[in-house]
Amino acid sequence: MKQFLFGLFFCALVSQQLAAQPEKAAMCAGCHGASGVSMNPDWPSIAGQNANYLAKQLRDYKEGKTRNAPIMSPLVAAFTDDDIRELAAYYASLPLPTGNTPTQYQARGEAIYRRGDVNKHITACIVCHGPKGTGNAQAGFPSLSGQQPAYTIQQLNAFKSKTRSNDLNSIMRDISHHMSQEDMIAVAHYLFGLH
């Protein structure tokens with residue numbers, strides 16, 4: 001009986017911890033949605049994103065050198081390291097969003113994601129972002145599964161133009177340099193439905 005009661009207490013404690021929303025999450029909800037899923041296609045969904053990746057992005061916005069955004073930079077300016085850790089852990093604990101890949105993007109998007117394009121020198125996305133697009137938390141590679149296609153295209157273009165430069169060893173700048181707009185659109189829509 002004691003084990004049963006302890007089990008109930010432990011489950012209740014864990015569920016309270018998972019439900020605990022950081023105070024600063026209210027600032028995020030306006031753009032990224034109450035559950036971390038953005039309703040605006042130009043803004044990223046952050047639910048289920050790797051905590052290490054989210055924390056790095058928030059620090060990069062705060063620093064403003066390798067990733068600067070007129071909306072994000074002023075919002076995170078007053079965030080403490082604890083705020084960043086709490087927000088990253090909270091959003092990482094939420095379920096990933098899901099979407100569907102339109103038929104016209106399935107073949108090309110999957111080809112780029114899974115095999116890359118040797119002729120165009122495009123490395124396969126699966127190498128860093130994994131078979132289901134959930135990334136690699138330890139390496140700091142983000143989850144791309146269910147991400148807003150318009151946002152993904154926007155970021156690929158930012159890497160290509162080098163207005164965003166916070167990628168590890170210029171990986172994304174090198175890959176996006178070889179991608180056409182059609183490649184970006186296809187892989188972004190494929191990622192939206194990858195889960």
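A salt bridge here is a side-chain nitrogen of Lys or Arg within 4 Å of a carboxyl oxygen of Asp or Glu. With that rule, a search of the whole structure turns up 8 salt bridges.

A word on what you're looking at: this is a predicted model, where local features need pLDDT of at least 70, side-chain atom pairs count only at pLDDT 80 or more, and totals for chains, interfaces and linings use all residues. Residues are numbered from 1 along each chain as its sequence is written, and side-chain values use heavy atoms, with hydrogens and water left out.

Here are some of the salt bridges.

| Pair | N to O distance |
|---|---|
| Arg85 and Asp82 | 2.3 Å |
| Asp117 and Arg108 | 3.0 Å |
| Arg173 and Asp167 | 2.7 Å |

How covered up are these residues? We call a residue buried under 20% relative accessible area, exposed over 50%, and partly exposed in between (1.4 Å probe, protein chains only). Arg173 is buried at 16%, and Asp167 is buried too, at 12%. Asp117 counts as buried at 13%, whereas Arg108 is partly exposed at 30%. Those last two also belong to a network of salt bridges that links Arg108, Asp117, Lys120 and Asp183.

Arg85 and Asp82 are both partly exposed, Arg85 at 49% and Asp82 at 44%. They sit 3 residues apart in helix α5, so about one helical turn separates them. (Helices are DSSP runs of H or I with at least four residues, strands are runs of E with at least two, and both are numbered from the N terminus.)

Helix α5 covers residues 81–92, and its 12 residues should span 16 Å at 1.5 Å a residue; the end C-alpha atoms are 16 Å apart, which agrees. The expected span is 1.5 Å times one less than the number of residues. Its buried residues are Asp83, Ile84, Leu87, Ala88, Tyr90 and Tyr91. Looking down the axis of α5, these fall within an arc of 165°, so they line one face of the helix. That arc is taken from the directions from the helix axis to the C-beta atoms.

Is Val76 buried or exposed? Val76 is buried, at 1% relative accessible area. Beyond residues up to four places away in sequence, Val76 touches Leu58, Tyr61 and Lys62, where contact means heavy atoms within 4.5 Å. The C-alpha atoms of Val76 and Tyr61 are 7.0 Å apart, although 15 residues separate the two along the chain.
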